[in-house]
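Here is a protein chain to read through questions and answers. Look at the sequence and the model first.

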Amino acid sequence: MYRWAYGGTRYISLLPGNVNRLVFLDRDGTLNEEVGYLHEESKLCILPGVPEALRKLCAAGFQLVVVTNQAGIGRGYYPEEDCRKVNAALARELGRSGAELSAFYYCPHHPENGIGMYKKECLCRKPGIGLFLQAEADFLGWPGAFTAGASDLENHFVAKMMPAGAFVANVSDWENHSMAEPTPAGAFTVGASDWENHSMAEPAPAVVFTTGASDWEKTEGYQSLMRLSADEAACLQEENRRDQRYKAFLRHCYMIGDKLNDTRAGHAFGIRSILVGSGYGREEREKARPGDFDEFFETLGEAAEWIVREERNSSLTD
Ligand SMILES: [Mg+2]
Ligand SMILES: [Zn+2]
């Protein structure tokens, strides 16, 4: 369960330790063989050792989030539907061997060669960090509870962060707050029973919002484009980062990819980043500038072992 409170202008984690551990993974060349604009399930080939590596990370308490540039969509080589089919097939196949992927985020854009709406200087194409921010908003905000003071509610920031219709509130608390004021269009549903069904470890604060897993599943949120506005992304990027507990969350997140754009994105997001030797990894390593990545490992298996070791060491000093 994720529980974050909205206090003042930033999110504050109410979670104990190791629930919020995420490993961000590139897809092509990292999890599956790089074949160039993969869009057919029949060409999907999971790299050796990958299921075992991911299982190890799951066992260490990580949720696994795929962040992938899919400019082939923007270039008109294949539709989004194909990308989603490949993602689903990958999740299915890995799931069969006990490696659970939690979500996919993909960027369909290309700044020069995109066609129509896909030609865009977007925030989500790695080394941009939009996909990471979207995952952060989803994973830290879902399926937990948000608390807000009356004054915080008025600026409606929390509401903007969540999908429309995804909120329930404790009726008595809700009534204490003057709900004569207009609420964001369609953003709230109020139901005491909803709230009571949602088990709370702590007494409900002033105004409480929860989102349910079913909302997420309905929207196929496990495969998603970036939905944050530029303002919301900037807000997440700027304000959360001043919070000490947020920094602690980042210390337990990692990025693994086979391109410098992967590791640079991880660094821009503020997390340790590993370049793997599969896919383009070895040639990318030759092109690296100092500080482009933290570690290089030939395989995802070695990367996973390193992360598990790091976590073990840090739990001794935390
Ligand atoms: Mg790659
Ligand atoms: Zn994009």
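Q: What share of contacts between residues at least 6 apart in sequence joins residues at least 24 apart?
A: Two residues are in contact if their C-beta atoms, placed from the backbone, lie within 7 Å. Take the contacts in the protein chain between residues at least 6 apart in sequence. The share that joins residues at least 24 apart is 69%.

This is a predicted model: local features need pLDDT of at least 70, side-chain atom pairs count only at pLDDT 80 or more, and totals for chains, interfaces and linings use all residues. Residues are numbered from 1 along each chain as its sequence is written, while chains are lettered from A and ligands numbered from 1 in the order in which they are written.

Q: What pLDDT does the protein chain average?
A: pLDDT is the predictor's confidence in each residue, from 0 to 100. In this chain, 65% of the residues score at least 70. The average is 74.

Q: How many contacts beyond four places in sequence does the model have for residues 141-221?
A: Residues 1-19 have a pLDDT below 50, with 48 contacts beyond near neighbours in sequence. Over residues 141-221 the pLDDT also stays under 50. For residues 141-221 the number of contacts is 102.

Q: In what order do the seven strands of the open sheet lie?
A: Helices (H or I, at least four residues) and strands (E, at least two) are DSSP runs, numbered from the N terminus. Two strands pair if DSSP finds at least two bridges between them. With parallel pairing, the order is 8-5-4-3-9-10-11.

Q: Which residue in strand 4 is the bridge partner of Phe24?
A: Strand 3 (residues 22-25) and strand 4 (residues 63-69) run parallel, joined by four bridges. A residue is buried if 20 or more other C-beta atoms lie within 10 Å of its own, exposed if 12 or fewer, and partly exposed in between, with C-beta atoms placed from the backbone. Six of the seven residues of strand 4 are buried. The partner of Phe24 is Val65.

Q: Which residue stands opposite Ile256 of strand 9?
A: Strand 3 and strand 9 pair in the parallel sense over four bridges. Ile256 touches Val23, Leu25, Asp26, Thr30, Ile274, Val276, Leu300 and Ala303, not counting residues up to four places away in sequence. The residue opposite Ile256 is Leu25.

Q: Which residue of strand 11 is the bridge partner of Leu275?
A: Four bridges join strand 9 to strand 10, and the two run parallel. There, Gly257 has Leu275 as its bridge partner. Strand 10 (residues 272-276) in turn joins strand 11 through three bridges, again in parallel. In strand 11, the partner of Leu275 is Phe296.

Q: How many of the ten residues of helix 12 are buried?
A: Helix 12 spans residues 260-269 and is largely enclosed by the rest of the structure. Its buried residues are Leu260, Asp262, Thr263, Arg264, Ala265, Gly266 and Phe269. Gly270 follows with a positive phi near 105°. The buried count in helix 12 is seven.

Q: Is Tyr37 buried or partly exposed?
A: Tyr37 is found in the loop between strand 3 and helix 1. Its phi is positive, about 50°, although it is not a glycine. Because Tyr37 has 17 C-beta neighbours inside 10 Å, it counts as partly exposed.

Q: What is the omega of the peptide bond from Lys126 to Pro127?
A: Pro127 lies in the loop between strand 5 and helix 4 (130-141). The bond from Lys126 to Pro127 is cis, with omega near 15°.
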